[in-house]
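Have the viewer open and follow along.

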Amino acid sequence: MSEHRHHSSSEPILHAQALEHDYGSISVLENVTLPISRGAVTGLIGPNGSGKTTLLRVLAGLLEPTAGTVTYNGEETARRIGYLPQQPAFRPGFTVAETLSFYAALVGEDKSTAMDRLEQVGLSDARRRPVEALSGGMTRLVGIAQATIGDPPVIVLDEPASGLDPGMSSHVFDVATELAGAGTAVILSSHDLELVDQHADEVVVLDDGSIATRGRPAAIRQSLGVDTVRGVYEASISGETTTVRVQGVSS
């Protein structure tokens, strides 16, 4: 259930409270409460199968939780939340520029603004390329550009650096930091723990559908007696960190 109410700058722009989500008899999210701050990068980490994508889709308003609420406390804009899915796809037969111009028109932005979004993610040279001719990594960059169109106060990015080379992965996190510096709330998931360590203002460790650890990186490193976010991850996850989790199945 999503709600909206008047906001103050001190309260979280997005507040998930007691979220539960089930797929049939399988519980994927259990009692997840998470405030999302304005002007900050929130890094969501956890094993494969821990519920990260489900949580991000609920936060983005694309999936109704089985129980709990997500309250939006931000400004009323043409677009509240921008979203990058884990596997972005665009309609074939159009160029990158045409695709972004279409999304820009939906929220009243002009073509030049759409091209600025492409430049921000480093794809200006590909603007005339058909979207079906893009690599997986380039398609993801178009998806990130699309998520920023309309200047939504909240941007949700599911694995934005997946499939990118190290230099471009770092650039994507730089873009997230720039957006947060301009006041946007950015929530992203990633398996690149080093980049999360460098860029996240808050780290959330999700394990088996529940929040295992949450806080500012320096504070949780200190509280757990570790030196890196990787150490936080390993200290927070139950069981083997090399095993894919299949929720609803016990070993």
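The notes below cover the domains, their interface and the aromatic rings.

This is a predicted model, in which local features need pLDDT of at least 70 and side-chain atom pairs count only at pLDDT 80 or more, while totals for chains, interfaces and linings use all residues. Residues are numbered from 1 along each chain as its sequence is written, and side-chain values use heavy atoms, with hydrogens and water left out.

**Two domains**
- The protein chain is assigned domain 1 (11-75 + 153-236) and domain 2 (83-151), with bounds taken from an automatic or database domain assignment.
- Between the C-alpha centres of domain 1 and domain 2 there are 24 Å.
- Domain 1 brings 22 residues to the contact and domain 2 brings 14 residues, where contact means heavy atoms within 4.5 Å.

**The interface**
- About 1,400 Å² is buried between domain 1 and domain 2, and 64% of it is on carbon and sulfur atoms; buried area is the accessible area (1.4 Å probe) that two parts lose on being put together, summed over both.
- On the domain 1 side that touches domain 2, the elements giving two or more residues are α1 (52-59), β7 (154-158) and α5 (166-181); helices (H or I, at least four residues) and strands (E, at least two) are DSSP runs, numbered from the N terminus.
- Of these, α5 gives the most to that side, with 6 residues.

**Aromatic rings**
- There are 2 aromatic pairs, counted when rings of Phe, Tyr and Trp (its six-membered ring) have centres within 6.5 Å; planes under 30 degrees apart are stacked, over 60 edge-to-face and the rest tilted.
- Phenylalanine 90 and tyrosine 103 pair edge-to-face, at 6.2 Å centre to centre and 80° between the planes.
- That pair links distant parts of the chain, 13 residues apart: phenylalanine 90 sits in the loop between β6 (81-84) and α2 (96-106), and tyrosine 103 in helix α2.
- Phenylalanine 90 is buried at 16% relative accessible area, whereas tyrosine 103 is partly exposed at 26% (buried is under 20%, exposed over 50%, partly exposed in between; 1.4 Å probe, protein chains only).
- Phenylalanine 102 and tyrosine 103 also form an edge-to-face pair, with 5.5 Å between centres and 75° between planes.
- Ring pairs join Phe90, Phe102 and Tyr103 into a cluster.
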